[in-house]
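I opened this model to look up its nonpolar cores, its disulfides and its salt bridges. My notes are set down in that order.

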Amino acid sequence: MLYCHYDMDGESLYSVKWYKGRREFYRYTPKENPAMKVFQLTGTTVKRSASNETQLMLVGLGVMSSGKYSCEVSADAPSFHTMIVTGDLEVCEVPKHVPFIHGIRQRYRLGDIVRGNCTSAHAKPPANLTWFINEVPANPSHIRVYRPLRDHKTELETALLGLHFVASSHHFLNGKLKIRCSAQIHDIYLQSTEKSIDEERPRVISAASSSSNGNSNGNSINLIHNIPYDQFSQLDNELPHVHGEVSAASAAGSVSPLTVQQYLQRLPSISSPKLLRTGSHGIGGLLAAISLLELATGLLIVFYHLLKFSTITVT
């Protein structure tokens, strides 16, 4: 609805004319019949029933309806005084969708660069975009301004605005960073899109886990447990402790490989009842009754484990 208010100061009205640019498209002359005349002009569809000498209603507005509109009022004879005033009319085509944020990840570490863009597509004029970080307008130094992209078929434009800053501790409130992009066209369109970003913190791996992973190699002591002999279980429990000490000392270059005698002294489980035949006599009787075959078997077992740990050399 366009209004044209005037004061004739006692004179009679001769005509009221409306122009778009320099072309007349509406005239109202009270003394003529019909008093209202409408002239065809692109973008100016007049609703006659709602128009008269002081107001004009345009319907079916489109982008082509934008422009400068003028109202010219003339007095009747004998003065024929004429006054004209002009105003701007802008018809906007608002985006069909809310602004879109792209390029922003869900998680960032302190010191990472937060880089992304916000677009508001197919509008006339292009939307005015604004970035907010935790509900505060982003620092101008963090903004990257780009020229709108125009669709030459529809004459509609897509607004694009970039964001670029380093994530710092003050950006994350309780581990969260909120980023919002707002798109506005005058006072007729306002839409926003928000993203919530989590702070990614370094994960701590326990020492026990690291140690167990580090021992997983070809000479792992865990291979000992693959021996299918239950009677050697106690020996297996003792071997890892000795092997750990031997490996640490050898790595430091402070000791030489253990002799068989030294190794036997380090393994009290060799004389365990699990490696000896049990009988009805005491420990002394059992030791006296050990056969040479059993002794040989025990030595072979010791040599087997020593060879696996590379603590002796056979020549």
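The entries below record what I looked up.

**Ground rules.** I am working with a predicted model, in which local features need pLDDT of at least 70 and side-chain atom pairs count only at pLDDT 80 or more, whereas totals for chains, interfaces and linings use all residues. Residues are numbered from 1 along each chain as its sequence is written, and side-chain values use heavy atoms, with hydrogens and water left out.

**Cores.** I began with the nonpolar cores, each a set of buried Ala, Val, Leu, Ile, Met, Phe, Trp, Tyr and Cys residues joined through side-chain atoms within 4.5 Å. For burial I used relative accessible area, where buried means under 20%, exposed over 50% and partly exposed in between (1.4 Å probe, protein chains only). The largest nonpolar core has 24 residues, and Leu129, Trp131 and Ile179 are those with the most contacts inside it. I then asked which elements give two or more residues to this core, and found β12 (113–123), β13 (128–133), β17 (157–166), β18 (176–185) and β19 (189–199). The most comes from β18, with 5 residues. Strands here are DSSP runs (E, at least two residues), as helices are (H or I, at least four), numbered from the N terminus.

I next listed the contacts of leucine 129, taking contact as heavy atoms within 4.5 Å. Leaving aside neighbours within four places in sequence, leucine 129 touches Cys118, Thr119, Ser120, Ala159, Leu160, Leu161, Cys181, Ser182 and Ala183.

**Disulfides.** Taking a disulfide as a pair of cysteine sulfur atoms within 2.5 Å, I found 2 in the structure. Cysteine 4 is bonded to cysteine 71, with the sulfur atoms 1.9 Å apart. The torsion about this S-S bond of cysteine 4 and cysteine 71 is about -85°, so the disulfide is left-handed. Cysteine 4 lies in the loop between β1 (2–3) and β2 (13–20) and cysteine 71 in strand β8 (residues 67–75), so the link ties together parts that are 67 residues apart in sequence. Cysteine 4 is buried at 4% relative accessible area, and cysteine 71 is buried at 3%.

The link of cysteine 118 and cysteine 181 is left-handed, with -85° about the S-S bond. It connects distant parts of the chain, cysteine 118 in strand β12 and cysteine 181 in strand β18, 63 residues apart. Cysteine 118 and cysteine 181 are both buried. Counting bonded cysteines along the chain, I noted the pattern 1-2, 3-4.

**Salt bridges.** With a side-chain nitrogen of Lys or Arg within 4 Å of a carboxyl oxygen of Asp or Glu as the rule, I counted 12 salt bridges. Glutamate 157 pairs with lysine 124, their closest N and O atoms being 4.0 Å apart. Glutamate 157 lies in strand β17 and lysine 124 in the loop between β12 and β13, so the pair ties together parts that are 33 residues apart in sequence. Is glutamate 157 buried or exposed? Glutamate 157 counts as buried at 11% relative accessibility, whereas lysine 124 is partly exposed at 22%. Glutamate 157 also meets arginine 150 in a salt bridge (3.6 Å, N to O), and arginine 150 is partly exposed at 44%. Through shared partners, salt bridges join Lys124, Arg150, Glu155 and Glu157 into one network.
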